[in-house]
Amino acid sequence: MNRTVEAVTPDFVEALERLPDGYVEGTFQGRKWGSTIKRSDDGRRTWLYAEELGGTDVVSFNLYIASANLPVLKPCEMSSEKVVRFVLEYVP
């Protein structure tokens, strides 16, 4: 079972698309966060790095659009569930 593919739902993709490029501050689970999003020119890769401001928590991942427009989520040393929850709940 490849959880990284299954974790990518249309809701996740839509929420990620709504987040602005570059650096932005916002809230997640009642705490203040800073996040940076970079998207490749061809739209096939999205990178997000976020850190809790004044805390130690981080969220980091790459989302690739593979062949047949299949999105593949690659979290950086954390669960797919944490990444998905962050993207769905983060408010810039």
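1. A pocket, as the term is used here, is an open set of points on a 1 Å grid over the protein atoms alone, with protein on both sides within 12 Å along at least five of seven lines; lining residues have an atom within 4 Å of a point. Grid points are joined across faces, edges and corners, and a volume is the space filled by probe spheres set on the points. On these terms, the largest pocket holds about 180 Å³ of space.

2. The model is a predicted one: local features need pLDDT of at least 70, side-chain atom pairs count only at pLDDT 80 or more, and totals for chains, interfaces and linings use all residues. Residues are numbered from 1 along each chain as its sequence is written, and side-chain values use heavy atoms, with hydrogens and water left out.

3. The lining of the largest pocket consists of Val13, Leu16, Glu17, Arg39, Gly43, Arg45, Thr46, Leu63, Ile65, Asn69 and Pro71. Two or more of these residues come from each of helix H2 (10-18), strand S3 (45-52) and strand S4 (58-65). Helices (H or I, at least four residues) and strands (E, at least two) are DSSP runs, numbered from the N terminus. The largest contribution to this lining, three residues, is that of H2.

4. By class, the lining comprises five nonpolar, three polar and three charged residues. In this scheme Ala, Val, Leu, Ile, Met, Phe, Trp, Tyr, Cys and Pro count as nonpolar, Asp, Glu, Lys and Arg as charged, and the others, Gly among them, as polar.

5. Five salt bridges are counted, a salt bridge being a side-chain nitrogen of Lys or Arg within 4 Å of a carboxyl oxygen of Asp or Glu. Arg31, Glu52, Asp57 and Lys82 are linked in a network of such bridges.

6. Glu52 is buried at 14% relative accessible area, whereas Arg31 is partly exposed at 31%; buried means under 20%, exposed over 50% and partly exposed in between (1.4 Å probe, protein chains only).

7. Arg31 also forms a salt bridge with Asp57, the closest N and O atoms being 4.0 Å apart. Here Arg31 in strand S2 is joined to the loop between S3 and S4, 26 residues apart, where Asp57 lies. Asp57 is partly exposed, at 21%.

8. The side chains of Lys82 and Asp57 form a further salt bridge, at 2.6 Å from N to O. Lys82 lies in helix H3 (residues 80-89) and Asp57 in the loop between S3 and S4, so this pair ties together parts that are 25 residues apart in sequence.

Terms used: 1 Å grid on protein atoms, 1.4 Å probe; cavity = no way out; pocket = protein on both sides within 12 Å on 5 of 7 lines; lining within 4 Å.
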